[in-house]
Amino acid sequence: MAKVYLSPAMHRQNECCYPRPDGQQCYEALENNEYIDILEPVLNRCGIETKRGYRRTPMSNEDGTAIMQQNVAESNAWGADVHYVSHTNASANGKAQGCHPMYYTYSANGKKLGEIMVRYRKEVYPRTVKLVARSDLYELKKTNAVAFYEEHAFHDNLEDITWFHTHMKEIAESAAKGLCEYFGLPYVEEAKPVEPVTMGNIILYGVDGDSGTWERVK
């Protein structure tokens with residue numbers, strides 16, 4: 001089975017300008033963990049085994065660098081095929097927008113995966129999607145697995161990060177499609193509920209691909 005290690009951002013602060021409906025201050029670590037909460041079951045649905053990294057509480061006193069190194073060590077020990085890193089970006093003036101994912105410069109498979117992921121992201125993201133080669137980032141160069149490093153959107157640009165927060169499901173599905181293609185696996189659509197059907201005094205219930213249940217109308 002294909003194995004993907006999910007490594008969320010673990011920065012101590014990195015405040016995000018998105019006004020959360022729950023009233024909490026938004027942080028990069030918080031929003032990327034919430035995205036992985038959505039992504040993980042989508043990958044599992046497609047037959048991809050997952051293991052996720054440490055869930056850091058923003059503004060805690062834990063050492064983010066040590067957590068990142070712990071995630072890499074865990075990914076390597078587990079034997080991940082892909083090490084998937086989820087982050088959001090920031091600019092000097094808060095005006096930048098765009099999705100700028102990264103791969104390890106010297107990894108041919110990393111570039112291949114990145115190109116696939118970018119193609120699917122362009123189907124859902126309305127702005128620029130640009131794949132970037134980097135050789136200096138720890139999670140790209142120290143993982144045994146093929147590494148892919150998301151920079152989903154700019155968390156200091158309200159328009160960009162609002163799109164990210166309101167389209168996490170679509171982003172997760174696009175990422176799953178890319179990983180399925182990379183692994184040569186069929187992408188499995190989400191089962192959709194089926195409306196109840198009345199046949200005489202019998203009501204049938206079920207979901208797509210399911211035999212369903214029934215009850216007699218009294």
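Biologist: Why are α5 and α6 called roughly perpendicular to each other?

Modeller: In this predicted model, helix α5 (residues 158–166) and helix α6 (residues 168–183) pack at an angle of about 75°. Angles of 65 to 115 degrees count as roughly perpendicular, and α5 and α6 are therefore described in that way. Their axes lie 5 Å apart.

Biologist: Which residues make the contact?

Modeller: From α5, the contact is made by W163, F164, H165 and T166; from α6, M168, E170 and I171 take part. Contact here means heavy atoms within 4.5 Å.

Biologist: How many residues of each class does the contact of α5 with α6 have?

Modeller: The contact of α5 with α6 has 4 nonpolar, 2 polar and 1 charged residues. Trp, Phe, Met and Ile count as nonpolar and Glu as charged.

Biologist: What makes a space in the structure a cavity?

Modeller: A cavity is a set of points where a 1.4 Å probe fits but cannot get out. A search of the whole structure finds 1 cavity of 30 Å³ or more. The largest cavity holds about 50 Å³ of space.

Biologist: Which residues line the largest cavity, and which element gives the largest share?

Modeller: The lining consists of C99, P101, M117, V118, Y120, R121, V129, F148, E150, S174 and A175. The largest share, 4 residues, comes from α3. The elements that give two or more residues to this lining are α3 (108–121), β8 (146–154) and α6.

Biologist: How is the lining of the largest cavity divided by class?

Modeller: The lining has 8 nonpolar, 1 polar and 2 charged residues. Arg and Glu count as charged, and R121 and E150 are among the lining residues.

Note on methods. Residues are numbered from 1 along each chain as its sequence is written. This is a predicted model: local features need pLDDT of at least 70, side-chain atom pairs count only at pLDDT 80 or more; totals for chains, interfaces and linings use all residues. Side-chain values use heavy atoms; hydrogens and water are left out. Axes are lines fitted to C-alpha atoms, for helices over the stretch in contact, and angles run from 0 to 180 degrees between N-to-C directions. Angles under 35 degrees count as roughly parallel, over 145 as roughly antiparallel, 65 to 115 as roughly perpendicular and the rest as oblique. On a 1 Å grid over the protein atoms alone, a cavity is a set of points where a 1.4 Å probe fits but cannot get out, and a pocket is an open set with protein on both sides within 12 Å along at least five of seven lines; lining residues have an atom within 4 Å of a point. Grid points are joined across faces, edges and corners, and a volume is the space filled by probe spheres set on the points.
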